[in-house]
Amino acid sequence: MKQIKFLAMLAVLGTLCFGFFACGSDDDDEPDPSKVAANAVFTNNLGEQVVASKIGNYMTITYNSYGLPIKVYDYSFDYDAGIFWYTGSGIYESKFTMNKYGGITSIEEETTFNDGDISNYKGTFSYNGSGQLTGFVEQWEETEYDSYYNMDITYTENMNTSLTWSNGNLTQIQTTYRWKEGNLDSGGSTRTTRIQYSESNDLGQYTTGISDFLYTCYECDEFWLVGLFGKATADLPYSVVRNVTYDDGDSYSSTSEFTYEYNSDGTIQTEKEAYTYVNSDGSRSSYNYSTSYTYKDFTSSRSEVAEKWSSYDYDESMTPPLSREYRTMMRETRHKASPMKKAR
């Protein structure tokens, strides 16, 4: 949900900044869906197995017979081949691997742009013995010819995030981000997010109170919400405080406070957020958000869902080229994306 709140177009651009082409991987690394935990399937207070079929106003989800998401917003998954692809504007593909906890452990991409330049991305994700996400490292590298300087320039980005858990809850997210454009320019930022909890998450549900703050240029928010980044928190967050400092001295902080309304079966009906943003100059803005959750009975819809998406194939020929101007825009977005949230 972060893409919609922070920058409306990031739900699309967070993927397009890399393009999507398959990267090589041994067959042994391909996830076996029959042996992977289906984190998004949970049992409500009536003893029924259910899944979230829609979160908010834009994110719909479809699952296969094992309970793994095969359609999340505009992302589609092929677990047998170990790829997922984005279909919001053209088609972009990524190679991925998973562990037995249902967590994605690696993502790799290679992008060819319309001027012939190539960009490479790799993300690795770590987990503890309880299946909780404990950290991830993301790296981008691209070499392009700069006509102004009349030479090739290598551009790199590195993001290192560590997650701290206590008593089954994610209590802190620490992210260090660095970018470098040859020997011409560089910069970065640090982000520290602290989370406090209130109500028990008895059903093991995923909420935007966590996903919004897994800062990455990738799809951590959507993927977290369907269990693809490990186990959910033991309790539901009620307070999330983030502090961001940029190398150039700029900074901001934000505070989110969450409350919940429930359905009769104990599932979350509505998640409400009171959000306050404070800039480095002391200016302050406040917003209120409300996220609704819709569910489906998983057991009765398994075969129908699996058959519906079995023929949804990736077509590489539909991939459009990406321009230098587009890459520049996406870099600026990642360097200093607006912290102001946008209504969904």
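**Notebook: a predicted model of 344 residues**

I first looked up burial: of the 344 residues of the protein, 53% count as buried, where buried means under 20% relative accessible area, exposed over 50% and partly exposed in between, with a 1.4 Å probe and protein chains only. I note that this is a predicted model, in which local features need pLDDT of at least 70, side-chain atom pairs count only at pLDDT 80 or more, and totals for chains, interfaces and linings use all residues. I also note that residues are numbered from 1 along each chain as its sequence is written, and that side-chain values use heavy atoms, with hydrogens and water left out.

**Overall make-up**

I looked up the secondary structure and found six helices and 17 strands. Helices (H or I, at least four residues) and strands (E, at least two) are DSSP runs, numbered from the N terminus. I then looked up the contacts, where contact means heavy atoms within 4.5 Å. Of the contacts with a separation of 6 or more, 59% come from residues 24 or more positions apart. The protein exposes about 14600 Å², and carbon and sulfur atoms supply 44% of that area. Accessible areas come from the Shrake-Rupley method with a 1.4 Å probe, and for residues only the protein chains shown count as cover.

**Nonpolar cores**

I asked which residues have the most contacts inside the largest nonpolar core. They are F77, I104 and F125, in a core of 62 residues. A nonpolar core is a set of buried Ala, Val, Leu, Ile, Met, Phe, Trp, Tyr and Cys residues joined through side-chain atoms within 4.5 Å. Not counting residues up to four places away in sequence, I104 touches F96, T97, M98, F125, Y127, F223, L228 and F229. A second, separate core has six residues, among them V244, Y246, Y252 and Y277.

**N99**

I looked up N99 in the loop between β7 (92-98) and β8 (104-112). Is N99 buried or exposed? N99 counts as buried because its relative accessible area is 17%. The side chain of N99 reaches two backbone nitrogens, that of Y101 at 3.0 Å and that of G103 at 2.9 Å. Leaving aside neighbours within four places in sequence, N99 is in contact with V36, T105 and Y127.

**Salt bridges**

How many salt bridges does the count come to? The count comes to three, a salt bridge being a side-chain nitrogen of Lys or Arg within 4 Å of a carboxyl oxygen of Asp or Glu.

- I found E108 in a salt bridge with K122, the closest N and O atoms being 3.9 Å apart. The pair links distant parts of the chain, with E108 in strand β8 and K122 in strand β9 (residues 118-127), 14 residues apart. E108 is partly exposed at 25% relative accessibility, and K122 is partly exposed at 39%.
- I found R178 and D247 meeting through their side chains at 3.8 Å, N to O. R178 lies in strand β12 and D247 in the loop between β14 (235-246) and β15 (251-262), so the pair ties together parts that are 69 residues apart in sequence. R178 is partly exposed at 35% relative accessibility, and D247 is partly exposed at 48%.
- I found K272 in a salt bridge with E261, where the closest N and O atoms are 3.0 Å apart. K272 lies in strand β16 (residues 268-279) and E261 in strand β15, so the pair ties together parts that are 11 residues apart in sequence. K272 is partly exposed at 36%, and E261 is partly exposed at 34%.

**N263**

I looked up N263, which is found in the loop between β15 and β16. N263 counts as partly exposed because its relative accessible area is 25%. What is the distance in space between N263 and N44? They are 10.0 Å apart, C-alpha to C-alpha, and 219 residues apart in sequence. Leaving aside neighbours within four places in sequence, N263 is in contact with I268, Q269 and Y295. The side chains of N263 and Q269 also make a polar contact at 3.1 Å. A polar contact is a pair of N or O atoms within 3.5 Å; within protein, one must be able to donate a hydrogen and the other to accept it, and residues adjacent in sequence count only if both atoms are side-chain atoms.
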